[in-house]
Amino acid sequence: MISDSIHQAMTGLIRRQYDRARQDLSARLQALSDPEGDLVSVIEGLVAHQVHAGIVQDDLHALERFQITAPRDPARVFFVDYNPARARRHHGAGRAEAPPGWDRVNAGCYLCPENILWQQRFCQFPAPVPLPSGSYHAWANPFPLGHFHVTIAADAHVPQAWMGQDRAQSLDSLARRIVDLVHLAQQLPRYLVFENGTGAGATLPQHHHFQALKKWPGLTRYPIEAAARVQEERDGTGKAGQPF
Ligand SMILES: [Zn+2]
């Protein structure tokens, strides 16, 4: 048996080592970031670090992409990504039970930093992502959908649902989500950013999060971007020549 005092000493040591490594990585990632606020280097630096640390467990070798084009209008295209390795995410990538001296908060929520510490064996680190509505952190996805796939989670344990007590509260919450998403999209050019709402695919509805991943190389635009560009041209607000 390991005595309580030894457990306590080791818990304190690991906490200090983790905090120091987290601060060191944050400073390095900050140094990589674009002075005008572009987050691409931060996200790509974080994922590179987490590939080395063994947190990202899928190298995407089995990922396939299918393009489905409307026969009468080739401009209308759907893309389907198929990655059989994603099924492994349901088995989890980390520990289910907290070791002695560590708290399992909010029923072991996978997006609470206090749980991620011990769940991922003190090897998973985040990158700070300040958003208009508050403080968020990006975490590399262990079983990514595509390249540089990160989950951008609120620091606070707040639900994914934006529906509030009444209409005014719901609209206010929805507006803040949209402002955050637009801000993220501006900071991550050539990335897809999105939120899976409750009832629309969110697998962790108890903790608010966005997702971001790099677009497939060569992919010019998603249908929603093409529609936005048409609207911009109609309104005369477009930025011709600007990459998506
Ligand atoms: Zn949480």
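This is a predicted model: local features need pLDDT of at least 70, side-chain atom pairs count only at pLDDT 80 or more; totals for chains, interfaces and linings use all residues.

Guide: Cys112 is buried, because its relative accessibility is 5%, under the 20% cut-off for that class. Cys123 is in no disulfide, and the nearest cysteine sulfur, that of Cys112, is 20 Å away. A disulfide requires two cysteine sulfur atoms within 2.5 Å, so the 20 Å between the sulfurs of Cys123 and Cys112 rules that pairing out. The count of disulfides for the structure is 0. Cys123 counts as partly exposed, with 30% relative accessibility, whereas Cys112 is buried.

Next, a buried position in a strand. Ala140 belongs to strand 4, which covers residues 134–140. Its relative accessibility is 2%, so Ala140 counts as buried. Leaving aside residues up to four places away in sequence, Ala140 touches Leu46, Val47, Gln50, Ile55, Val56, Gln124, His149 and Val150. Gln211 is 71 residues from Ala140 along the chain, and the C-alpha atoms of the two are separated by 10.0 Å.

Two residues other than glycine have a positive phi and deserve a check of the backbone. For Leu60, phi is near 65°. Leu60 sits in the loop that runs between helix 2 (40–52) and strand 1, and it counts as buried because its relative accessibility is 10%. For Asn106, phi is about 45°, again positive in a residue that is not a glycine. The loop holding Asn106 lies between strand 2 and helix 3 (113–119). Asn106 has a relative accessible area of 40% and is therefore partly exposed, while Leu60 is buried.

Last, the surface. A nonpolar patch is formed there by Phe66, Ile68, Phe78, Val80 and Tyr82, with about 520 Å² of accessible area together. Strand 1 (64–70) and strand 2 (73–82) are the elements that each give two or more residues to the patch. Strand 2 contributes the most, with 3 residues. Phe78 is a residue of strand 2, and with a relative accessible area of 60% it is classed as exposed, because that class begins over 50%.

How values were computed:
Residues are numbered from 1 along each chain as its sequence is written. Side-chain values use heavy atoms; hydrogens and water are left out. Patches are made of residues with over 30% relative accessible area and no salt bridge: like charges are joined within 9 Å, nonpolar side chains (Val, Leu, Ile, Met, Phe, Trp, Tyr) within 5 Å. Accessible areas come from the Shrake-Rupley method with a 1.4 Å probe; for residues, only the protein chains shown count as cover. A salt bridge is a side-chain nitrogen of Lys or Arg within 4 Å of a carboxyl oxygen of Asp or Glu. Helices (H or I, at least four residues) and strands (E, at least two) are DSSP runs, numbered from the N terminus. Buried means under 20% relative accessible area, exposed over 50%, partly exposed in between (1.4 Å probe, protein chains only). Contact means heavy atoms within 4.5 Å.
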